[in-house]
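Biologist: Hi! Could you walk me through this one? I'm new to reading structures.

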Amino acid sequence: MHKLQILGMPQSTFVRTACMAAIEKGIDYELIETMPQSDAMKAIHPAGKMPVMSHGDVHLFETLAITHYIDHAFDGPALHPANPLKQAKMYQWISFSNDRLYQVIARGILLPRFFPKTEDGQPDMALINQSVEEARPLIAALEQAYDGHDYLLGEECSLADLFVAPILYYLYVVPEGGDLFANTPNIERAANAMKERESFIKSAPPPLPQAAD
């Protein structure tokens with residue numbers, strides 16, 4: 001039996017999502033720390049991005065494809081609801097996470113904080129502040145979605161939660177997170193529920209560099 005292999009760096013939110021899916025399914029998988037643009041990554045992903053997955057003769061790239069395969073090719077708790085409407089909402093929130101949350105929060109707030117590209121090595125506060133304003137309606141949408149329950153689709157964890165949680169995890173550790181999460185009791189409750197899951201605990205990334213002030 002071939003062992004599932006996930007290639008990428010554990011600091012990546014997308015890599016963590018793939019790992020969380022494997023843990024949720026109870027799969028004995030292996031995370032092979034591999035940098036983007038490496039030969040191993042380019043052998044599977046045309047753009048050399050992470051994560052990629054290998055399982056015997058099966059090779060996949062893009063996190064949604066990888067998590068779909070993990071969920072459907074292995075035994076274990078389903079990470080997608082059977083109800084068609086809930087399935088549609090799951091993919092709605094995954095698209096929301098990939099297209100908006102990641103672009104605004106990770107690229108607009110987190111990366112400029114942890115890895116500034118300015119000449120003086122200081123955060124690009126114009127970009128960060130603009131991104132914070134763009135993030136407000138996104139956080140508000142999540143706050144409303146979590147109303148009354150711990151997960152985006154109700155009381156059962158789905159792939160949607162595995163995409164959103166790693167991004168919010170990092171937002172909590174930068175100064176902007178305190179502002180954005182100031183009045184979000186539903187997100188706080190959902191975050192606490194996720195923190196108790198084995199998949200979230202075991203997939204925790206190593207510490208990032210201290211965020212620049």
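**A look at helix 6**

Modeller: Happy to! Helix 6, residues 159-171, bends by about 25° at Ala 165, and a proline, Pro 166, follows within four residues. Keep in mind that this is a predicted model.

Biologist: Thanks! How many of the 13 residues of helix 6 are buried?

Modeller: 12 of the 13 are buried, so helix 6 is largely enclosed by the rest of the structure.

Biologist: Which residues are buried in helix 6?

Modeller: The buried ones are Leu 159, Ala 160, Asp 161, Leu 162, Phe 163, Val 164, Ala 165, Pro 166, Ile 167, Leu 168, Tyr 170 and Leu 171.

Biologist: Why are helix 1 and helix 6 called oblique to each other?

Modeller: Angles over 145 degrees count as roughly antiparallel and those from 65 to 115 as roughly perpendicular. The angle here is about 135°, so the two helices are oblique to each other. Helix 1 also passes helix 6 in a right-handed crossing.

Biologist: And which residues make the contact?

Modeller: From helix 1 there are Thr 13, Arg 16, Thr 17, Met 20, Ala 21 and Glu 24. Helix 6 brings Leu 159, Leu 162, Phe 163, Pro 166, Ile 167, Tyr 169 and Tyr 170. By class, that contact has nine nonpolar, two polar and two charged residues.

Biologist: Let me pick Thr 17 in helix 1. Is Thr 17 buried or exposed?

Modeller: Thr 17 is buried, with a relative accessible area of 1%.

Biologist: What does Thr 17 touch?

Modeller: Leaving out residues up to four places away in sequence, Thr 17 touches Thr 63, Thr 67, Leu 162, Phe 163 and Pro 166.

Biologist: New topic: where is Ala 106?

Modeller: Ala 106 sits in helix 4, residues 84-114. Ala 106 is buried, with a relative accessible area of 6%. Not counting residues up to four places away in sequence, Ala 106 touches Leu 101, Leu 111 and Pro 112.

Biologist: How many residues apart in sequence are Ala 106 and Ile 167?

Modeller: They are 61 residues apart in sequence, and 7.0 Å apart in space, C-alpha to C-alpha.

Biologist: Last one: what about Arg 113?

Modeller: Arg 113 lies in helix 4 and is buried, with a relative accessible area of 5%. Arg 113 and Ile 70 are 43 residues apart along the chain, and their C-alpha atoms are separated by 33 Å.

Notes. Residues numbered from 1 in each chain as written. Predicted model: local features only at pLDDT ≥ 70, side-chain atom pairs only at ≥ 80, totals over all residues. Heavy atoms only, no water. Bend = angle between axes of the 7 residues up to and from the residue. Buried < 20%, exposed > 50% of the residue type's maximum accessible area, 1.4 Å probe, protein only. Axes fitted to C-alpha atoms, helices over the stretch in contact; angles between N-to-C directions. Parallel < 35°, antiparallel > 145°, perpendicular 65-115°, else oblique. Left-handed = near helix turned anticlockwise from the far one by under 90°. Contact = heavy atoms within 4.5 Å. Nonpolar A, V, L, I, M, F, W, Y, C, P; charged D, E, K, R; others polar.
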